[in-house]
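Trainee: I'm new to this one and would like a close look at a single part. Could you pick one residue, walk me through its surroundings, and then link it to the rest?

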Amino acid sequence: MKWALVLSGGGARGIAHIGVLEALVKLGVPEPSLIAGCSMGAIVGGLYATGIAPSRMREFFGQDFDITEYMDNASFSLPVGAINRFLKIGHGIKNLFSTNGINSGDKMYETLMNMTKGVEFGQTRIPFFCNTTDLNTGKEFVPDDGPIAEAIRASASFPGVFSPVQKGERFLSDGYMCHNTPVWIARREGIRNVLAVNVDHFDYPKHGLMTNPLDVLMRAFDCAVNARQIHRRDIPTAHILADNDRSPFDFDRPTSQIDFGYDSAMEQKAIITDFFERGLRGRILRSRLARKERKGAHD
């Protein structure tokens, strides 16, 4: 069965994607025919598409570092506490969500290039795409040439934190502003069966979550994205929800977020099992899942 995996954005919450991937491996599901991601989902999905196993990602995310050691401009620092810590992948995504001023993003790009070994679109083990927002036109843009590290860097460039990526006449920033879970990319590529992982479900905010200006800004984006009209091509066949109360800018204790993603996926094992069921029974179960998704999207 051809199927696509779509990983949403969500800042630090997106670390849970690693745990979800671990669960899918544990359950023995076939590799996806395509991966699409947004923001942190683009980072995790892009690394997975190049052949980096979830278990290896867990190792990379297993240690915290003082974020001020890796900032382009240490005079722009986030509020003290958990936000002053960040996680490192391999040689380190050193500047990920590191400052409330404009950050060059050069260190993150360098690290992504090292991790992906500079592979370009069309060269990944699993076909991969991610969405960005072109700040010139205000429209969604999906890169399809050049190093995937450049596209990932653009997709994860939260406005006001990282400077946009210039690609020709385009100025590319976080894809989250257009589609946080870009299911439509899989539909465009002709894949009917789409499993999405959402780590940033829109709901009434819990008390105390908006404790700094960046949290408020993220919530404002949440409101804007949630107000967009949902089209049929945006609705997956099924989805797994792995959302918790973690601030999108809290990169402390990454392994606990990975564990949360794994546990969330296992708790929704019935959805995964139905999605990957074979034969006629599988088609019937996926049809039921899809109807449920469409109903939920319009309620």
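Mentor: Let's take arginine 13. Setting aside its neighbours within four places in sequence, arginine 13 is in contact with Val199, Asp200, Asp243, Asn244, Arg246, Pro248 and Gln257. Keep in mind that this is a predicted model. As for where to find it, arginine 13 sits in the loop that runs between strand 1 (3-7) and helix 1 (16-26). Is it buried or exposed? Its relative accessibility is 9%, and buried means under 20%, so arginine 13 counts as buried.

Now step over to leucine 195. Again leaving out neighbours within four places in sequence, leucine 195 is in contact with Trp3, Ala4, Leu5, Val6, Leu24, Ala238, His239, Ile240, Phe275 and Phe276. Leucine 195 also belongs to the largest nonpolar core, which has 67 residues. Within that core, the residues with the most contacts are Leu24, Met57, Phe128 and Leu195. So which element gives this core its largest share? That's helix 2, with 7 residues.

Helix 2 deserves a look of its own. It covers residues 40-49, and because 10 of its 10 residues are buried, it is largely enclosed by the rest of the structure. After helix 2 comes glycine 51, and its phi is positive, near 110°.

Zooming out, the protein chain holds 10 helices and 11 strands. Of its 299 residues, 55% are buried. If you take contacts between residues at least 6 apart in sequence, 74% of them join residues at least 24 apart.

Mean pLDDT for the protein chain is 83, and 77% of the residues reach 70 or more. Over residues 65-71, though, the pLDDT is below 50, and this stretch has 26 contacts in the model beyond near neighbours in sequence. Residues 74-101 also stay under 50 in pLDDT, and for them the model has 103 contacts beyond four places in sequence.

How values were computed:
Residues numbered from 1 in each chain as written. Predicted model: local features only at pLDDT ≥ 70, side-chain atom pairs only at ≥ 80, totals over all residues. Heavy atoms only, no water. Buried < 20%, exposed > 50% of the residue type's maximum accessible area, 1.4 Å probe, protein only. Helix = DSSP H or I, 4+ residues; strand = E, 2+ residues; numbered from the N terminus. Core = buried A, V, L, I, M, F, W, Y, C linked by side-chain atoms within 4.5 Å. Contact = heavy atoms within 4.5 Å. pLDDT = per-residue confidence, 0-100.
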